[in-house]
Structure formats: structure tokens, C-alpha cells
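I opened the model today to look things up one at a time. These are my notes.

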Amino acid sequence: MLVGSALADGRAAALLYESLDLEHWQYQGPFLDRAPQPLAPGADTGLGWECPQYLHTPDGRGALILSAWDPQLGPRRTVVYPGLEQEGRFHAAAPALFDHGPDFYAPALLPAPDGRWLLWGWSWEARDQQWSNEAGWAGLLTLPREVTLGEDGSVRQQPTAELLSLRGERALTACGETTGTAVLGTVGASFDLTARLQRNSPATAGGLRLVTSPDGSEYLDVRFDPATAELVVDREHASLDPRAHGGTYRIPCFEEGADFGAAIELRLVVDRSVAELYLPSGRTLTLRFYPTGAHPWRIEAHAGREGLIGYTVAAWNLRPDTMRHEAVGSAQSALI
């Protein structure tokens, strides 16, 4: 058993306990402990850790996934340390952000019967407390993800294959190019989108926009920044309700050593107020946003100044899923 901790000397730790019967536990010491380490501008690994999760392989390689906590600010972000387990201690390499968005925390890791590692995260609210109180609920679980270890030790995430069964009718198929704005089609409030964007030069900006109001004033942007080779997810205009939080968030677009002029591929899954962005590199970005406009919403492709964007985009509306379980004396079903 791993227990998250904040030590008196300023280090965060995941503490290891062992048991033969799950009732009597023996403390084995810190599995990993670290002083705060920088991750990105304004982000570090935290003074305390919560909800430690350990992904391991038969050859001893592993990844320790930790929720970074601050005594004053509370829950902050999720961090991953790749490394190697030896004699009850985890020898960690440099840490990295596990998810590049602002609204992903406290993931739970499960080994599936077929050998896969599956993970769900908690996505908290990104709106004022009053609005959450009025709605009568707060927070949700992300979609299940499959987590794997790359040969280089990197941790990679992708949606589980089972999510394909939630795809309903294809909402849009679009292929072409634009030097300005191209309207690609409409989607419902829950959809699964794949895109390939090709720029005419490495300096070309542009990307996709999810427009959620008829007049175009409410939208979520996913655009490429050629100066940093990052995708920028911008929710500054994603809700006309001033109680929704704004902000822009970045995720490296290419794997190390890749050509910055290469095509950009992405998968974006949106379920009403949550967006999960997945890249081929295994990086992810999760955020909440709160459109006020009635769906269907429209997808647009945008090219930057003096640039051209080629696009191949497909999107499927998602069906709600029904789980059926047997209760005493009757069959019951629950709609998700």
C-alpha cells in the first residue's frame, strides 16, 4: 500500500506499507520522497503528495503517478515519475506533467484482466462555487484511459478502445484547405473528433475552433503556436457566463526530435462541459468549459496570417451508455 504524505522537512513522499492479510500493516519507509522540483513555468511537484498510483512492468520498470498538493493552495496538478523499483525503493528519473490541463487530479489506476493499465482521473469544476451550488453537483470522472510505458521510459495515454463503441452517427467529414476560416460542420454536445492539420510552412499558425453560440462570440480554440511548437487550448471565450473560469493552456505538439513542420494529429473528446485532448505522443490535456449556447455546435478550421492550413477532420456524436446489473429479484439499468 502506498500512502501520500507531506514530511516535516518539506519533502513530499509516497510511503510504503506491506501486509500479508490486509489487516496488519508494517511500515517499510518512503517508496519515493522528493523536495519540490520544477515541471513548467509556475508549476512544481508540490510539498505534499496525494493518491499515489504505481504502474509497474515485469522487468522492474515503472511509473509513480502522484497528485501534487500545496498546504496553502490545496490540490494543484498530477505528476509522473518514471523509474525503476529496487528492494522496496523507487529510483526515479526526472518528473513530468501527467496531464497538461488545469482540471485533472487524483487519478485511479487499475490493472485490467487482459494486462492493460486503465486510469480514470477526477476533473474538478472550473466555475465559481455559486454556480456549482446552483447546479447541485460538482466534479466528474474522465473517460477511461489506457496507460503504457514507452521504451524511453515516457508514460503514454490514449482513450481505451472500448470508447469507440460509444460513437453514434458520423456528424461530419471534412477535407480541404483554407487561408482563413472554413466551416467544417456541426456536432452535438458530446462528440469524438479526430483531426490531421497540415501547415504550408513551419511558421504557419492555426487550428480548430468549437463555436457554441450562433453569433460566434462563444468558442473554444485549439491552435498551434509555431514559436514554441505547442498546441494552445484557449477557453477565454468558451462561456458567455462570467462565472466560468478562463485561461490558456499548452501542450507540446511533437515528440522530441520531430520535424516542427510535420502534420499535427489530435483526438478531441468533448462531453458537454469537459474536453479531453489526446496527441499521438501520448500526452494529454484535460479542461472544463461551460458553453451557454444550445447545440448543435459547429467546428471551424482557422489559418493564421499569410498561412494555409490543410485539414482532414472527422467527428462522431457520442451515445449515452447503459449499464445493466442484476439486483435482488429484478434487473435494473442505469443510464450514464
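The entries below go through cavities, a pocket, a surface patch and some backbone angles.

**Ground rules**

I am working with a predicted model, where local features need pLDDT of at least 70, side-chain atom pairs count only at pLDDT 80 or more, and totals for chains, interfaces and linings use all residues. Residues are numbered from 1 along each chain as its sequence is written, and side-chain values use heavy atoms, with hydrogens and water left out.

**Entry 1: cavities**

I looked up how a cavity is defined: on a 1 Å grid over the protein atoms alone, it is a set of points where a 1.4 Å probe fits but cannot get out, and lining residues have an atom within 4 Å of a point. A volume is the space filled by probe spheres set on the points, which are joined across faces, edges and corners.

How many cavities of 30 Å³ or more are there in the whole structure? I found 2.

The largest cavity holds about 80 Å³ of space. Its lining includes Phe 191, Arg 209 and Ile 299. I noted that 9 lining residues are nonpolar, none are polar and 1 is charged. (Ala, Val, Leu, Ile, Met, Phe, Trp, Tyr, Cys and Pro count as nonpolar, Asp, Glu, Lys and Arg as charged, and the others, Gly among them, as polar.)

Which strand gives the largest share of this lining? Strand 19 does, with 3 residues. Strand 18 (190–199), strand 19 (206–211), strand 20 and strand 23 each supply at least two. (Strands are DSSP runs of E, at least two residues, numbered from the N terminus.)

The second largest cavity has a volume of about 30 Å³. Asp 192 and Arg 267 are among the residues that line it. By class, I read 5 nonpolar, no polar and 2 charged residues there.

**Entry 2: the second largest pocket**

A pocket is an open set of points with protein on both sides within 12 Å along at least five of seven lines.

Strand 4 (38–40), strand 8 (74–86), strand 10 (96–97) and strand 15 (155–159) each supply at least two. The lining divides into 13 nonpolar, 6 polar and 5 charged residues.

**Entry 3: a surface patch**

Met 1, Leu 22 and Trp 25 form a nonpolar patch on the surface, with about 330 Å² of accessible area together. (Patch residues have over 30% relative accessible area and no salt bridge, and nonpolar side chains are joined within 5 Å. A salt bridge is a side-chain nitrogen of Lys or Arg within 4 Å of a carboxyl oxygen of Asp or Glu. Areas come from the Shrake-Rupley method with a 1.4 Å probe.)

I placed Trp 25 in strand 3 (residues 25–34). Trp 25 counts as partly exposed because its relative accessibility is 34%. (Buried means under 20%, exposed over 50%, partly exposed in between.)

**Entry 4: backbone angles**

Ala 229 is not a glycine, yet its phi is positive, about 55 degrees. Ala 229 sits in the loop between strand 20 (219–225) and strand 21 (230–234). Is Ala 229 buried or exposed? It is buried, at 5% relative accessible area.

Arg 272 also has a positive phi, near 60 degrees. I found Arg 272 in the loop between strand 23 (264–271) and strand 24 (274–278). Arg 272 counts as exposed, at 52% relative accessibility.

Last, the peptide bond from His 295 to Pro 296 is cis, with omega near 15 degrees. Pro 296 lies in the loop between strand 25 (284–288) and strand 26 (297–303).

Notes: Patch = residues over 30% accessible without salt bridge, like charges linked within 9 Å, V, L, I, M, F, W, Y side chains within 5 Å. Helix = DSSP H or I, 4+ residues; strand = E, 2+ residues; numbered from the N terminus. Buried < 20%, exposed > 50% of the residue type's maximum accessible area, 1.4 Å probe, protein only.
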